Amino acid sequence: TQAEAYLLSWGLSEEQLSKVKARYGQDFNPKVEGAVKLKLSWLTDLGLTDLQIQKAIVAYPKLFRLDLEIKLKPVAQWLLDIGIEKTQVAKLFARFLQICSYSRE
């Protein structure tokens, strides 16, 4: 698929991609322009390195099911609003991206 090709060109190995597909589910085919490129770009802007993003994707490929504007950005902003520094938010996202799927309430 286009998503697989993009992730491979971005630096994921075949082995990592296999793990991503297995963890994501049978319907792995996120839209490259929306679900993949925008999220990878945003994570880079947040301060994650390519290697951190690769590891985060492998650990939590359901990232591609989360809405950038509804889940990812609001969680990051909430963490910043409560006083966590941007570098620490980036580290948290790198290590525990699942935080974005939790309710803030």
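1. A salt bridge here is a side-chain nitrogen of Lys or Arg within 4 Å of a carboxyl oxygen of Asp or Glu. By that criterion, the whole structure holds 3 salt bridges. The model is predicted, so local features need pLDDT of at least 70 and side-chain atom pairs count only at pLDDT 80 or more, while totals for chains, interfaces and linings use all residues. Residues are numbered from 1 along each chain as its sequence is written, and side-chain values use heavy atoms, with hydrogens and water left out.

2. Helices (H or I, at least four residues) are DSSP runs, as are strands (E, at least two), numbered from the N terminus. Glu4 counts as buried because its relative accessibility is 17%, and Lys21 counts as partly exposed at 33%. The classes are buried under 20% relative accessible area, exposed over 50%, and partly exposed in between (1.4 Å probe, protein chains only).

3. Glu15 and Lys19 form another salt bridge through their side chains, at 3.8 Å from N to O. They are separated by about one helical turn because they stand 4 residues apart in helix 2. An α-helix has 3.6 residues a turn, so residues three or four places apart point the same way. Glu15 is exposed at 55% relative accessibility, whereas Lys19 is partly exposed at 36%.

4. In helix 5 (residues 68–81), Lys73 and Glu69 are also 4 residues apart, about one turn of the helix. Their side chains meet in a salt bridge of 2.9 Å, N to O. Lys73 is partly exposed, with a relative accessible area of 31%, and Glu69 is exposed, with 51%.

5. Which residues of helix 2 are buried? They are Leu17, Val20 and Tyr24. Seen down the axis of helix 2, these buried residues fall within an arc of 60°, so they line one face of the helix. The arc is taken over the directions from the helix axis to the C-beta atoms. On the other side of helix 2, Glu15 and Ala22 are exposed.

6. The buried residues of helix 2 pack against helix 1 and helix 4 (50–59), where contact means heavy atoms within 4.5 Å. Just after helix 2 comes Gly25, with a positive phi of about 120°.
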